[in-house]
Amino acid sequence: MGLSLTEDIKSVSEFKKRIREVFTQLHRTGRPVVITVNGRPDVVLLDAAVFERKLSALNLQALLAESEADVVAGRTRSARAAVRAIRRATKIPR
């Protein structure tokens, strides 16, 4: 997800005048649009589908970070031991 400095940064007054065009651009490009107030970035708009994908990626990243911390701390076990524990916990026969 890139950002086009010439297309994806809009002043709040420009956004108000062209809201439908900005929404169309968001859906068409999938890129965020930065809305500025007094020349400074204020909010970022994202297409809902793009937002959901980004949120899923962030959630996965958080889970991976926890897993990496476990590895660094030595909180691991072999795959064989993990499968045995799962079988015992769920009463799955061999």
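In this predicted model, Glu21 is exposed, with a relative accessible area of 53%. Its side chain meets that of Arg18 in a salt bridge, at 3.8 Å from N to O. Arg18 also forms a salt bridge with Glu14, where the closest N and O atoms are 4.0 Å apart. Arg18 itself is partly exposed, at a relative accessible area of 38%, and Glu14 likewise counts as partly exposed, at 26% relative accessibility.

**Salt bridges**

The count of salt bridges comes to five. Among them is the pair of Arg31 and Asp8, whose closest N and O atoms are 2.5 Å apart. Arg31 lies in the loop between α2 (19-29) and β2 (33-37), while Asp8 is in the segment before β1 (9-11), so this pair ties together parts that are 23 residues apart in sequence. Asp8 is buried, with a relative accessible area of 0%. The pair also belongs to a network of salt bridges that links Glu7, Asp8 and Arg31.

| Salt bridge | N to O distance |
|---|---|
| Arg31 and Asp8 | 2.5 Å |
| Glu21 and Arg18 | 3.8 Å |
| Arg18 and Glu14 | 4.0 Å |

**The two sides of helix α2**

Which residues of α2 are buried? They are Val22, Gln25 and Leu26. Seen down the axis of the helix, the buried residues of α2 fall within an arc of 100°, so they line one face. Arg20, Glu21, His27 and Arg28 are exposed on the other side of α2. Glu21, described above as a partner of Arg18, is therefore one of the exposed residues, its 53% being over the 50% cut-off.

**Surface patches**

Leu5 counts as exposed, at 65% relative accessibility, whereas Asp8 is buried.

A patch of positive charge is also present on the surface, where Arg77, Arg80, Arg84, Arg87, Arg88 and Arg94 gather. Arg87 is found in helix α4, which covers residues 79-90, and Arg88 lies in helix α4 too. How exposed is each of these two residues? Arg87 is partly exposed, with a relative accessible area of 31%. Arg88 is exposed, with a relative accessible area of 59%.

Arg88 and Arg31 are 57 residues apart in sequence, and their C-alpha atoms are 48 Å apart in space.

**A residue with positive phi**

Most residues other than glycine have a negative phi. Asn38 has a phi near 55°, which is a positive value in a residue other than glycine. Asn38 is placed in the loop between β2 and β3 (40-45). Is this residue buried or exposed? Asn38 is exposed, with a relative accessible area of 76%.

Key: Residues are numbered from 1 along each chain as its sequence is written. This is a predicted model: local features need pLDDT of at least 70, side-chain atom pairs count only at pLDDT 80 or more; totals for chains, interfaces and linings use all residues. Side-chain values use heavy atoms; hydrogens and water are left out. Helices (H or I, at least four residues) and strands (E, at least two) are DSSP runs, numbered from the N terminus. Buried means under 20% relative accessible area, exposed over 50%, partly exposed in between (1.4 Å probe, protein chains only). Patches are made of residues with over 30% relative accessible area and no salt bridge: like charges are joined within 9 Å, nonpolar side chains (Val, Leu, Ile, Met, Phe, Trp, Tyr) within 5 Å. Accessible areas come from the Shrake-Rupley method with a 1.4 Å probe; for residues, only the protein chains shown count as cover. Lys and Arg count as positive and Asp and Glu as negative; His and the chain ends are not counted. The place of a charge is taken as NZ of Lys, CZ of Arg, CG of Asp or CD of Glu. The arc is that of the directions from the helix axis to the C-beta atoms.
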